[in-house]
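Here is a short report on a protein model. Look at the structure first, then read on.

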Amino acid sequence: NEDVLSHGCIGFGAKTIDNWVSSLSVLLSDIEQRIEMGENGRKVIVDNYSINVVAPKLAKTLMKIAKV
């Protein structure tokens, strides 16, 4: 997802077969990059998409709808 990838170095966003092959080759050969991208990806998800972040936004939206 481009929205998630826009948060930093967490993935390659491969769109073609050649992109996939190149991206997977990099990950297979570079353990440090795999670890860094995994840690960065987890941080993005926890900071932006975890239940602690999403639930208050959902509750606020539902409260607005209920008052309409």
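## Leu58 and its helix

Leu58 is partly exposed, because its relative accessibility is 48%. The scale works like this: buried means under 20% relative accessible area, exposed means over 50%, and partly exposed lies in between (1.4 Å probe, protein chains only). Leu58 lies in helix H4. Helices (H or I, at least four residues) and strands (E, at least two) are DSSP runs, numbered from the N terminus.

How many of the 16 residues of H4 are buried? The number is zero, so H4 lies largely in the open. Its length also checks out: at 1.5 Å a residue, the 16 residues should span 22 Å, and the end C-alpha atoms are 21 Å apart, which agrees. The expected span is 1.5 Å times one less than the number of residues.

## About the model

This is a predicted model: local features need pLDDT of at least 70, side-chain atom pairs count only at pLDDT 80 or more, and totals for chains, interfaces and linings use all residues. Residues are numbered from 1 along each chain as its sequence is written, and side-chain values use heavy atoms, with hydrogens and water left out.

## The nonpolar patch

Leu58 belongs to a nonpolar surface patch of about 530 Å². Patches are made of residues with over 30% relative accessible area and no salt bridge; like charges are joined within 9 Å, and nonpolar side chains (Val, Leu, Ile, Met, Phe, Trp, Tyr) within 5 Å. Accessible areas come from the Shrake-Rupley method with a 1.4 Å probe; for residues, only the protein chains shown count as cover.

Which helix gives the most to the patch? H4 does, with four residues. Helix H3 (31-49) and helix H4 (51-66) each supply at least two.

## Two sides of H3

The 19 residues of H3 should span 27 Å at 1.5 Å a residue; the end C-alpha atoms are 26 Å apart, which agrees. The buried residues of H3 are Met37, Gly41 and Val44. They cover an arc of only 60° around the axis, which puts them on the same side of H3. That arc is taken from the directions from the helix axis to the C-beta atoms. The face turned away from the buried side carries exposed Glu32, Glu39, Arg42 and Lys43.

## One salt bridge

A search of the whole structure finds one salt bridge. The term means a side-chain nitrogen of Lys or Arg within 4 Å of a carboxyl oxygen of Asp or Glu. Here the side chains of Lys43 and Asp47 meet, at 2.4 Å, N to O. Both residues lie in H3, four residues apart, about one turn of the helix. Lys43 counts as exposed at 51% relative accessibility. Asp47 counts as partly exposed at 39%.

## Cys9 in a loop

Where does Cys9 lie? Cys9 sits in the loop between helix H1 (2-5) and helix H2 (17-29). Cys9 is partly exposed, because its relative accessibility is 41%. Leaving aside neighbours within four places in sequence, Cys9 is in contact (heavy atoms within 4.5 Å) with Met37 and Asn40. The C-alpha atoms of Cys9 and Glu36 are separated by 8.2 Å, although these residues are 27 apart along the chain.

## The whole protein

The protein has four helices and zero strands. Of its 68 residues, 9% count as buried. The protein exposes about 5600 Å², and carbon and sulfur atoms supply 62% of that.
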